[in-house]
Amino acid sequence: MMIRTLALFLFVTPLLAFSQNQEDFSALSVDSALSKGADSVLRFEDITLDFSDEGKLKTTIDRVVTVYNKTGMRDVRAIAGYDNNSKVTDIEAIIYDLMGNEQEKIKKRDFKDYSAVDGGTLYADNRVLVLDYTPTRYPFTIRFTAESVSETTAFVRPWMPVFTYDSGTQYSKYSIIHKPEDSLHVKATNFEGYDIEYIKTPEQSVWIARDIKPVSYEYKSPALDKRVPRVKAYFDKFYLAGVPGVGGTWEAFGKWMYDDLIKDTQQLDASVITEVQNLVKDLPDDEAKVKAVYQYLQDKVRYISVQVEIGGWKPMPAADVHRLSYGDCKALSNYMQSLLNAVGVKSYYTVLYGDPDKESLDTDVVAMQGNHVILGVQLGDEIKFLECTSQQSPFGYMGTFTDDRDVLLLTPEGGKLARTTKYNQEDNFEQIVAHIELDAEGNLQGDYTETSKGIFYSSKMSLESKDQKDLSDHYYENFSGIKSLSVSDIKLQNDRDRVMYEEHLKLNARNYASKIGDDFLAKINPFSWSNEMIPPRYTDRKSDFVILRGHIRQHEITFKIPEGYKLGAIAEPVALEEDFASYKTEIHVEGDTVNYKRIFKLNEGSYAVDAYEAYRDFYKNVVREDNQKLFIEKL
Amino acid sequence: MRKITLAVLLMLNALIYGQDFRFGKVSEEELQEEAHPKDPDANAAVLYREQYSHIEYSPNDGFTLTTEIFQRIKIYNKDGFDWGTHVIPVFVGGAKDENVSNLRAVTYTLENGKIEEYKLGNDGIFKEERSKNFNVEKFTMPNLQPGCIVEFRYKFFSPYLSTIDKIRFQEEIPVNKAELTFESPEWLVFQLHRKGLFPLDIQEKNKADKINFTSRVGAYSAGLQGGSRGTLQSQSIDLMNKTYSIKVEDVPAMREEAFSSNIDNYRAAVSFELSYTKFPNEPIETVTSSWEAVCKTIYDSENFGGQLKSDRYFDDDIDEILRGVSDSKEKLVRIFEYAKRRMTWNGYLGIYADEGTRSAYKNGSGNSGDINLNLVNMLRYAGLDANPVILSTRDNGIPIFPTRNGFNHVIAGVVLDGNVLLMDATNKIGAVNLLEEGLLNWNGRLIREDGTSGWVSLNPSSHALENTMVNAEIDENFALNTKVRSQFTGHYGLRHRKNLGGKDEQEQLEAFEEKYSGIELNKIEIKNLENPYEPVQVSYDFAMENGVERVGDKVFISPLMHLASQETPFKSEQRQHPVDFGYPWKDRYIITIKLPEGYNVETLPENGIYTFGDDMGSFKYLISSTNNTIQVSTEMVINSSIITPDLYKGLKEFYTMVVSKENEKVVLIKI
């Protein structure tokens, strides 16, 4: 689904001076404040991006890392990528022992050369050189130097002096060299509270960061790049795999992308045009037409990732997609747009980040961004977005990979920013309705219906492809709190028009109730949450926590007790209310039946670190209340 | 001639089965089929697969292997589209490269009752250089639609003859019909190995053939002008060809299942391995045929036996380490620990030394062959009866037949007082006779200095053991205050070393909180993580707020507290593959709970003993109470690390009873 991100691979050159530490490679001289709890410490880093030669980017990297354990090895990032438009001119690594004595030198020819095709991609022409080194003891220090030259200047790799979790930074320097007439635009974030030096001249900008303590990953914390200093930079003109590009404003940038990458790939054969025109000719309005064409697309094509033209940024021609019936996100969105052109509906090739954490395009940075493409369709004043890589997604449905974020629309007039569909708390609704009965042996049986809407819908889409055994196993895993469970009569109803998923099934659980003498003790709510729902504990949490999407999860249960038994004391209903969530239960007894309802609401938002303990306590209370039991006495 | 016979055979098939399995002869009925008649859940099915592998001689290349593949695959729905993309691994960089040629592929669809064909073009074929010696050729079919059929055929040329590997007859989807023909000249004698439970009918026959070649006779050179280029002469040699053919029909799909070791152990497949060569007028040269022969071949290799010959590079170091030690066991442990310290595994498995023992020793790193052959060498130097033991890891599958490729790892084995002690110096946290779980795969083969060999069991003979003591007290607020002390021995110890080693106290605490969800530890203390010869000792204490339930004037206590299993791992109703626990194990818990003031025991769960199979597993539960305390002791034992599918129902039942017993409650009543 990803567009290949060229920027990912870092390019590199040996610099002579290890200026800060006077060539001190000993792990013993690291300040303990930087190494405490760290897998590695970035001792020294000097990254230079040289744009002074028109159409060329020369990247040099000199990096010294002290590695404390196996995990820390990844922080060395001793890797350099290349493809048809770029090459690695120099690459080397030197290993130093604890005392800082040189142990081993690894030359370019000893780096491993792999194709950099990830699992989801059928073909791409990227390759990487990777250091192949087995550490024999820790800690040790490694110096990695590399130099590379590329004909792509469109990606100015951002600077993050703290690049990974659990890694301290002693010194990191970042320089951008450019022609004085090419003005450099900069967006610097999260500098506050850090020791950062900034030097600017007409042809060079330099940032230096010193002594940054390691940062740890924390559950539901903002992404690392939102917690530590970062610099993003861009120019108004650039080259993409040798092709000149224009930026400056989103309008101009979008116009360039449209004209140079998209426009000439949209021709379709006359017969294809006639075919889609016939498909929609009797349909009343644009929405109906788009739906019909979208269905045509979903029935016809499949997703295959092939990254070749212009560094993987130009879509495969629409005519080829039609002939082969496959393509990647660019090709399929572009093909869909070509089909819509044929039926006279306006649509926009839409560039964005596909990412479950709602990563937006950085709208302050007018440059190549994004890793995914969808299609925005103009329906009246509204734009509906279509995911063209999915053969199952309902019309206009976004899901967690593409919802609620800033995106760039390419129009013939130029680029425009827009925002994708947002799912609010009341949209994201999960409802469980169950009617259950206990028999005199303590066995439970009943029927179960679960309805999923909004963001919950997306997690259900894969159920249909499971066979019967996998499907029952899925419920056994989901209802793991019910022992000796057996499920039957599973019926799945996928209502794509209303974007609603229903699951119906019958439950049967032996010895659901625990026998105590002649009496029974049984949970009112068989679908209660367990302790595993409680967020992890931190003795000293540092970061705020973010709830990306609000939702409602509701259980409605009728629980009938066996004949010859009566209900003992019943738990009191509760109502818990916090900024971030609320929880409410209702319990009514009607003869031999308990009517139980619980409503859990999670509120979207960013919450201060101080509230985290309350957030945990809230879940603890929910788990306790969810697990309330009925005492059922023999008459 | 051969082509004609094949064609005739195929025609015959067509007559018998009513389906025409020639390329391009896809029928309307096949395209109309909406679901597999015997497996309606299947996303796709192999309608027909034909592989013809034959070894041929050419004067330029000598003997080479050509494989012709033809497949017809039905795709029922979108989830079956993965079967429209195929990947062929290609090894290159030797004297001659492998290659794929004559690739032809077509997608067939039914449109308005008419069969449409879409040919695979060059834009659907991709060649990728993965690494120096390994390329892949991939192709993805055009115009896939639910219900379509894809057909492809190609020739695969290989100069490598020693193994013709894993020809599968069983897939994740049903295979309706598959045929394999393998043909080799009588001079190259192959051994056929089969795998899986599906019966394979193997036909062998011999038929006469000829090898033609031309040679120059009378060529000589005499200066620039003269000389003679000789004359070309055709010659031919008569020989017999041996043919194996296998035909299968209606092979059911075999899908992945949880808790299995390696599904490839169960799939129907065959492979051929060159066992010896017998050329005219030359003596027989054995390659493989028996375990004995396989091991001899391996031992004779320069990268195996050849690595065990010199001790000059480490003798001083070992002398130093063994100074003053006379006990053999002590010597062994010292050398093993030294090898672990001295060399670090580079992550590559292999039975052969990659860098060479000497250089691995000097550089301090190497593959498993480098490190453990070094270990054997050092142990021998110290006068111990040490030998390499080759084995196949779980990921690699079980070596059922004598084959060189069946083994992928080597460790060291020492016979001491009649027992074999196994050691793997690639694992820094391992101990003598305590191997990483992935290595506990049936048997290994111990190869002696004279080239003879024998089996040694890799399965641990002793149980992994947990001993846990809990002291708990219910306070006046009905919170449970609990102190726990546990000891983990054998493989349990190894597992804890692996999971907890290198972590700080906070991370260790989190690991235990995750293991027993719902408890919050106040502190944790772990001993012996660095010493693999002692049990790992863990002490922690915690308060459990939800540990006790109150309903009216009654209090319900789950006496096993956090140690009670929350659920059984065996939820499926049926099982196709064995359940693999890895090693036998025993968990013992002793729990003492002090009751709150003003409460008496109303009911206690009953004592119980459950067993499973013929001494395969057991669970004991004993509970008693005195004035103000309850004491529970439980013991869960699994004696057999592998449970076959026929015993699955029993195992599931056993676990269900155990989980239910572990969750039974004590009821207290207010006085």
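Visitor: How do you know how confident the predictor is in chain B?

Guide: pLDDT is the predictor's confidence in each residue, from 0 to 100. For chain B the average pLDDT is 87, and 92% of the residues score at least 70. This is a predicted model, in which local features need pLDDT of at least 70, side-chain atom pairs count only at pLDDT 80 or more, and totals for chains, interfaces and linings use all residues. Residues are numbered from 1 along each chain as its sequence is written, while chains are lettered from A and ligands numbered from 1 in the order in which they are written.

Visitor: Where in chain B does pLDDT stay under 50, and how many contacts does the model have there?

Guide: Residues 1–16 of chain B stay under 50, and the model has six contacts for them beyond four places in sequence. Two residues are in contact if their C-beta atoms, placed from the backbone, lie within 7 Å. Residues 221–227 of chain B are also below 50, with three contacts beyond near neighbours in sequence.

Visitor: What makes up the contact between chain B and chain A?

Guide: By that 7 Å criterion, 48 residues of chain B are in contact with 45 residues of chain A. The elements that give two or more residues to this side of chain B are β6 (125–131), β7 (134–140), α9 (505–515), β27 (548–551) and α10 (648–662) of chain B. Helices (H or I, at least four residues) and strands (E, at least two) are DSSP runs, numbered from the N terminus. β6(B) gives the most, with five residues.

Visitor: Which classes do the residues on the side of chain B that touches chain A belong to?

Guide: There are eight nonpolar, 22 polar and 18 charged residues on that side. Ala, Val, Leu, Ile, Met, Phe, Trp, Tyr, Cys and Pro count as nonpolar, Asp, Glu, Lys and Arg as charged, and the others, Gly among them, as polar.

Visitor: Why are parts of chain A called domains?

Guide: Domain bounds come from an automatic or database domain assignment; chain A is therefore divided into domain 1 (6–242), domain 2 (247–419) and domain 3 (429–634). In chain A, 21 residues of domain 1 are in contact with 18 residues of domain 2. β7 (121–124), β14 (230–234) and β15 (237–240) of chain A each give two or more residues to the side of domain 1 that touches domain 2, and β7(A) gives the most, with four residues.
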